[in-house]
Amino acid sequence: MSQTPPPQRPSYGLRKRKQPEPRVAETAVTRLVAAAAQCKHVVIFSGSGLSATSGMSTFSTKGGLYEKAQSRFGVSNGKQLFTYSFYEKHKADAQAFFADIYVEAKRAKPGAGHQAIAALAAAGKLQRHYTLNIDGLATAAGMSVWHHQVSPEGCTVEMHGSIRQLLCPVCGLVIPMNDFLSQQLRRRTKIPCTACSCPALRSRIMMYGDAEGEKITPDDVWERMEDDVQAADLILWVGISFEQSASTMYFRRVRQFLAQADRLASTQQAIINLSDESLWNLLSACSNTRSLEVLEVLGTCDEVLKLVAAAVCKPAGATPDLLEPPSKPLEPPDQPLAAKKPGQEEASGVLPGANVLTIATTD
Ligand SMILES: [Zn+2]
């Protein structure tokens with residue numbers, strides 16, 4: 001019995017003989033690297049996944065900071081330790097806990113991901129790095145910190161502050177944390193401000209509902225972000241789980257800034273994370289109005305950022321042998337992402353050959 005090939009799968013035998021095979025199949029990683037090779041102005045938003053190989057605890061994962069806070073202080077939810085309302089009632093305990101986090105951050109080392117971002121900055125290709133991390137590892141990797149008055153050219157914006165600094169909530173004085181100060185705080189000793197009469201400095205980290213948040217992230221940051229995003233040709237969301245409302249808010253803001261400049265279609269965006277949970281979290285926080293393409297790259301921040309930095313920083317005219325596959329697989333085998341979870345109406349824009357999703361958000 002004769003068989004005819006199904007019409008939707010024509011034979012490409014002749015074409016294969018005439019055209020060279022691609023060196024690697026197009027995956028989300030190779031697609032991102034190819035896009036990065038054309039880019040000059042990269043904006044990066046980073047979360048705790050960036051510091052995963054640096055020895056820092058993440059917040060919400062098993063054994064993370066929330067769990068540690070929960071067991072140490074007997075609170076029902078470790079997240080409470082990072083709320084301003086808890087801090088107001090238990091300042092000494094909260095500060096002692098933050099001092100412990102400082103000790104952990106000080107022991108941590110910048111990972112390959114941090115170094116890759118620093119390389120982008122050194123090559124003049126990093127428009128700005130916005131980090132949600134408080135570990136200060138970007139500065140440990142040699143990156144300068146943005147401050148709207150003191151260092152407006154700084155390349156890393158610490159959106160949620162830094163555990164490596166203490167802040168006076170009254171006069172705004174900022175001093176570096178050190179071993180002596182952290183020991184004092186762990187003994188529940190207050191550190192008075194030397195510039196005003198305030199009796200106790202606090203860690204310069206953004207807590208939930210922080211009444212002193214303006215002193216940590218000044219409103220000027222939004223103007224900075226608007227200019228950066230509108231100048232960007234590639235925006236990367238790195239190691240962000242999108243479990244926190246702040247990160248989805250930043251994503252929406254970025255989308256608004258791009259829309260205002262009519263750059264939604266021309267600015268490429270990618271989410272880099274080990275797990276596909278981050279994209280699904282983002283999708284569930286978004287509603288469907290206008291569409292936006294986002295490339296999902298499943299891999300470690302270290303591996304993927306190294307490839308991106310190499311592609312962006314390559315000498316002009318060089319051919320990308322950067323499309324060589326990485327030493328170990330970055331992604332699980334391709335699998336359809338559409339309709340994977342219930343209630344994901346926006347997840348219907350999967351393009352063949354790469355994990356590109358069309359995401360829609362309200363303005
Ligand atoms: Zn003061």
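Let me begin with a definition: two strands pair if DSSP finds at least two bridges between them, and the strands themselves (E, at least two residues), like the helices (H or I, at least four), are DSSP runs numbered from the N terminus. What you see above is a predicted model, in which local features need pLDDT of at least 70 and side-chain atom pairs count only at pLDDT 80 or more, while totals for chains, interfaces and linings use all residues. Residues are numbered from 1 along each chain as its sequence is written, and side-chain values use heavy atoms, with hydrogens and water left out.

I will start with strand β1. Strand β1 (residues 42-46) is joined to β2 by 5 bridges, and the two run parallel; with strand β7 (residues 234-238), β1 also pairs in the parallel sense over 5 bridges. To place individual residues, Val42 stands opposite Leu126 in β2, Ser46 has Thr131 of β2 as its bridge partner, and Val43 stands opposite Ile235 in β7. From β1, Val42, Ile44 and Ser46 point one way and Val43 and Phe45 the other, and all of them are buried, where buried means under 20% relative accessible area, exposed means over 50%, and partly exposed lies in between, with a 1.4 Å probe and protein chains only.

Moving on to β2, all 6 of the 6 residues of this strand (residues 126-131) are buried, so β2 is largely enclosed by the rest of the structure. There are 3 bridges from β2 to strand β3 (residues 156-158), again in parallel, and the partner of His129 in β3 is Thr156.

Which residues hold the zinc ion? The ion is coordinated by the SG atoms of Cys168, Cys171, Cys193 and Cys196, at 2.3 Å; donors here are N, O and S atoms within 2.8 Å of the metal (3.2 Å for Na, K and Ca), and as water is not among the atoms, sites may look incomplete. The angles among the 4 donor atoms are 104 to 118 degrees, and the site is tetrahedral, a label given to four donors if all angles lie between 85 and 135 degrees. For reference, the ideal angle for four tetrahedral donors is 109.5 degrees. In sequence, the donor residues follow the spacing C-x2-C-x21-C-x2-C. Cys171 lies in the loop between β4 (161-167) and β5 (174-176), and Cys193 in the loop between α8 (179-186) and β6 (202-205), so this pair ties together parts that are 22 residues apart in sequence. Cys171 counts as partly exposed, at 39% relative accessibility, whereas Cys193, at 8%, counts as buried.

How values were computed:
Four donors count as tetrahedral if all angles lie between 85 and 135 degrees; four count as square planar and six as octahedral if opposite donors are over 155 degrees apart and all others between 65 and 115; anything else is irregular.
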